[in-house]
Amino acid sequence: MPHRIVEISASGGDYTSFAAALAGESDFQAGDDNIIFRRTDNVRETGAVTVSGYSTTSAHWVILECTSGVQHDGTRESGAGISGDFGWWSAAITVSIPYVKIQRLELSNTHSSGRGVNAQTSSYVTVDSCLIYDCQLRGIDFDADYRCRISANNVIYNCGIGVYGGGDYSTSTYIYNNTI
């Protein structure tokens with residue numbers, strides 16, 4: 001079965017935000033293959049996003065991304081993503097299910113205890129080719145005892161900790177080719 005692609009755009013997409021798309025497509029089941037939430041315009045959303053409630057497997061992922069034409073160029077405010085002050089101990093994107101990929105997005109959280117990505121309660125989460133900045137606590141938070149979380153090819157700056165992989169170190173957190 002082909003991927004299910006959900007386009008997100010201020011005009012002309014299936015939805016106008018990642019949060020609305022995730023809520024509107026909540027009927028996704030593992031038999032539907034991957035579901036890709038794809039931002040197609042150069043907009044930095046101001047609402048935090050939580051990825052939860054989906055039935056996923058190792059062959060059926062939830063993917064949040066933008067098209068290459070609106071991907072960041074490594075400098076702040078150059079690409080599509082999610083930015084704002086999301087409150088105490090919060091994140092621009094919180095992942096609470098396994099098998100989620102976040103790729104090519106620009107993320108920031110200016111709260112004094114903010115995080116870019118919080119994947120504390122999920123296994124098999126990949127953050128790839130993102131620009132993450134101004135997260136005063138942690139850019140990517142892989143805290144706790146879950147398996148196989150990957151941070152690769154990201155640019156992370158002005159964060160208290162770039163990538164945090166705490167918890168039981170016998171679980172696998174992989175950090176490859178990041179600039180922190």
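This is a predicted model: local features need pLDDT of at least 70, side-chain atom pairs count only at pLDDT 80 or more; totals for chains, interfaces and linings use all residues.

Colleague: In what order do the seven strands of the open sheet come?
Modeller: The order is β1-β2-β5-β8-β11-β14-β17, with parallel pairing. Strands here are DSSP E runs of at least two residues and helices are H or I runs of at least four, both numbered from the N terminus; two strands pair if DSSP finds at least two bridges between them.

Colleague: Which strands stand at the edges?
Modeller: β1 and β17 (173-176) do; each has a single partner strand, so one side of each lacks a neighbour in the sheet.

Colleague: How many bridges join β8 to β11?
Modeller: Four bridges join these parallel strands. Ile 102 has Val 127 in β11 as its bridge partner.

Colleague: Back to β1: is Val 6 buried or exposed?
Modeller: Val 6, which lies in strand β1 (residues 4-8), counts as buried because its relative accessibility is 3%. Buried means under 20% relative accessible area, exposed over 50%, and partly exposed in between, with a 1.4 Å probe and protein chains only.

Colleague: What is Val 6 in contact with, leaving aside neighbours within four places in sequence?
Modeller: Its contacts (heavy atoms within 4.5 Å) include Tyr 15, Ala 21, Ile 36 and Phe 37. Val 6 and Ile 36 are 30 residues apart in sequence, yet their C-alpha atoms are 6.0 Å apart.

Colleague: Which residues touch the most other members of the largest nonpolar core?
Modeller: Phe 37, Val 62 and Ile 93 do, in a core of 38 residues. Among the elements that each supply at least two residues of this core are α1 (18-24), β2 (35-39) and β7 (91-95). A nonpolar core is a set of buried Ala, Val, Leu, Ile, Met, Phe, Trp, Tyr and Cys residues joined through side-chain atoms within 4.5 Å.

Colleague: Changing topic, how many disulfides are there?
Modeller: The count is zero, a disulfide being a pair of cysteine sulfur atoms within 2.5 Å. For Cys 130, the nearest cysteine sulfur is that of Cys 66, 8.2 Å away.

Key: Residues are numbered from 1 along each chain as its sequence is written. Side-chain values use heavy atoms; hydrogens and water are left out.
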